[in-house]
Amino acid sequence: MDHLARRLGVPDAVVIGLGAMLGAGVFVVFGPAAAAAGGAGLLPALVLAGFVAYCNATSSARLAARYPESGGTYVYGRERLGPFAGFLAGWGFVVGKTASCAAMALTIGAYLWPGQARLVAAGAVLAVTAVNLLGIGKTAAVTRALVALVLAVLAVVAVVGVLGGPVRLARLTETGGSVRGVLTAAGLLFFAFAGYARIATLGEEVRDPRRTIPRAVPVALGVVLVIYLVLAVITLGVLGADRLAGSAAPLVDVVTAADLPGLAWVVRAGATIAVTGVLLSLVAGVGRTTLAMARRRDLPGALAAVHPVRQVPHRAEVAVATVVVLVVLLGDVRQAIGFSSCTVLVYYAITNAAALTLGPDPDRRVPVRALAGLGLIGCLLLAVSLPLGSVVAGFGVLAVGAVVFGLRRVGQRPSRW
C-alpha cells in the first residue's frame, strides 16, 4: 500500500492547524516584529499578516479540495502551473521548514536546559518523530493535548496581564512606525500563521477533503488570529513598545510586570509545550511534502515508501529528522525566522498563482479570485520587505533549487534518482 489512510475529520484537522501555529507567534516572533514595526505598527502588521494568510488559506483550501493528496503547493504548482513551479514550491518549503524545525527544537532546548540546548533539541526532534511514526491518529491526539495546555497557559497570561499588568492602551500608539517597518513586521509575523497549511499538506489523510479542508483551514486561522490580537494588545499595553522589542520572552515579562514572578515557570513550561506542538506538526508536514516530491522523483524515490502497518511516510520522516538533528547539533538557526518566512511566502505566492487558474467559484460567497490575486501580491511584497539578510538567503536557496531543477532536466532523467 503506497497511500496514506484518511483518518482526520474537521476537529482533528483544526487542532493540527492550531498546534502548528500557536507558539511560533506569541513565544518567538512578537519581540522582533515589535522592534521592526514600533508600538503603533505592531497591530496593523499583525492584521496585515493575518489578511495575507487568509487569502492564502482560501486558495489553499480550494486547491486542497481539488487535489486531496500529500504535498500541498508542491502538488498544486505541478498540476496547475507546471513542474518547475511545483518543484520550486516544494524545494522552498522543505528547506525553509527544515530550518524552522531546527529553530523550534533549539527554542525547546533554550527553555528547558540552556546549558545543553543542542542536546535537548536533538532529543526533542527524535521524540516528535517517534510520535509521528506511530501514525497520524497519534499525532492528532498528542497535538490535541498540547493545544489544550497551551490555551490554558495563554489564558492565564491574558487574565494576569489584564488584572495586574496593568494594560495601558495609550502604549498602543505611543511609538510611530513607518510603512516599511510595518511591512517588515508583517513578514516576520507571517511566520506565526504559516502553520494552517499543515491541514492542506496532510490532505491525503483527511476524510472527505472537499468538505473538511475548506472548513478546517479558516476556523484554525480565525481562532489563532483572535488569540494573537488579544495577546499583542496585552503584551504591548503592559510592556510598552521599547520593552517588548527587547524582550526574548514577552509573556514571561508580562507576568513579572504583574508582580507574579512565580508564574514565570508556568509560562516557560507553556512555551515549551507550544513549541513542541509546532515542531510535531512541522516534522509531519515536511515529511509529507518530501513524500510527494519523492513520488515524482524530484527527491530520491526511496523516500516515497509508506509503512504497511502505520501508514505513514516513515522513510521521509526519518530522513527529515536526521537532517534537522544534524542542523541543531552543528549549526545555529535561531535567526531562521526571516529566512523561513521568505521561502514560505514564495511558496504561498505559487499557491495563489495556482488558485487563479481555477477560475471563479459560484458556490462561495467570498471573491476567491480577488483574494488569490491579493494574496499573490501580498506574499511577494512581504517577502521582499523582510530584513536584507533573510531576503538574500531565501532567494539564494530558491535560486539553488532552480539550478538543480535545470541540471536534472538537461543532464539526467528523473527516474535515475
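Which backbone oxygen does the side chain of T343 reach? In this predicted model, in which local features need pLDDT of at least 70, side-chain atom pairs count only at pLDDT 80 or more, and totals for chains, interfaces and linings use all residues, the side chain of T343 reaches the backbone oxygen of S340 at 3.1 Å. Residues are numbered from 1 along each chain as its sequence is written, and side-chain values use heavy atoms, with hydrogens and water left out. The interaction is a polar contact, defined as a pair of N or O atoms within 3.5 Å; within protein, one of the two must be able to donate a hydrogen and the other to accept it, and residues adjacent in sequence count only if both atoms are side-chain atoms.

T343 is found in helix α14, residues 336-356, where helices (H or I, at least four residues) are DSSP runs numbered from the N terminus. With a relative accessible area of 1%, T343 is buried; the term buried denotes under 20% relative accessible area, exposed over 50%, and partly exposed the range in between, with a 1.4 Å probe and protein chains only. Contact is taken as heavy atoms within 4.5 Å, and, once neighbours within four places in sequence are left aside, T343 is in contact with G92, G96 and G394. Leaving aside neighbours within four places in sequence, T98 is in contact with F93, V286, V323 and V324. The C-alpha atoms of T98 and V327 are separated by 8.9 Å, although these residues are 229 residues apart along the chain.

Helix α12 comprises 32 residues, 264-295, and should span 46 Å at 1.5 Å a residue, which agrees with the 47 Å between its end C-alpha atoms; the expected span is 1.5 Å times one less than the number of residues. Because 25 of the 32 residues of α12 are buried, the helix is largely enclosed by the rest of the structure.

The largest nonpolar core has 139 residues, and those with the most contacts inside it are L22, L154, L189, F190, Y196, Y228 and L279. Such a core is a set of buried Ala, Val, Leu, Ile, Met, Phe, Trp, Tyr and Cys residues joined through side-chain atoms within 4.5 Å. Helix α10, residues 209-245, gives the most to this core, with 16 residues. For L22, with neighbours within four places in sequence left aside, the contacts are V147, V150, L151, L154, V224, I227, Y228, A274 and V278.

Aromatic rings form 9 pairs, where rings of Phe, Tyr and Trp (its six-membered ring) pair if their centres lie within 6.5 Å, planes under 30 degrees apart counting as stacked, over 60 as edge-to-face and the rest as tilted. The rings of Y347 and Y348 have centres 5.1 Å apart and planes at 85°, so this pair is edge-to-face, and both Y347 and Y348 are buried. Ring pairs also link F84, F87, W91 and F405 into a cluster.

The count of disulfides, each a pair of cysteine sulfur atoms within 2.5 Å, comes to 0. C55 is in no disulfide, as the nearest cysteine sulfur, that of C379, is 8.2 Å away; C55 counts as buried at 0% relative accessibility. The sulfur of C101 is 18 Å from the closest cysteine sulfur, in C342, which is too far for a bond, and C101 is buried with a relative accessible area of 0%.

Most residues other than glycine have a negative phi. R297, which follows α12, has a positive phi near 65°. L134, in the loop between α6 (117-133) and α7 (136-164), counts as partly exposed at 40% relative accessibility. L134 and I273 are 139 residues apart in sequence and 20 Å apart in space, C-alpha to C-alpha.

Key
Helix = DSSP H or I, 4+ residues; strand = E, 2+ residues; numbered from the N terminus.
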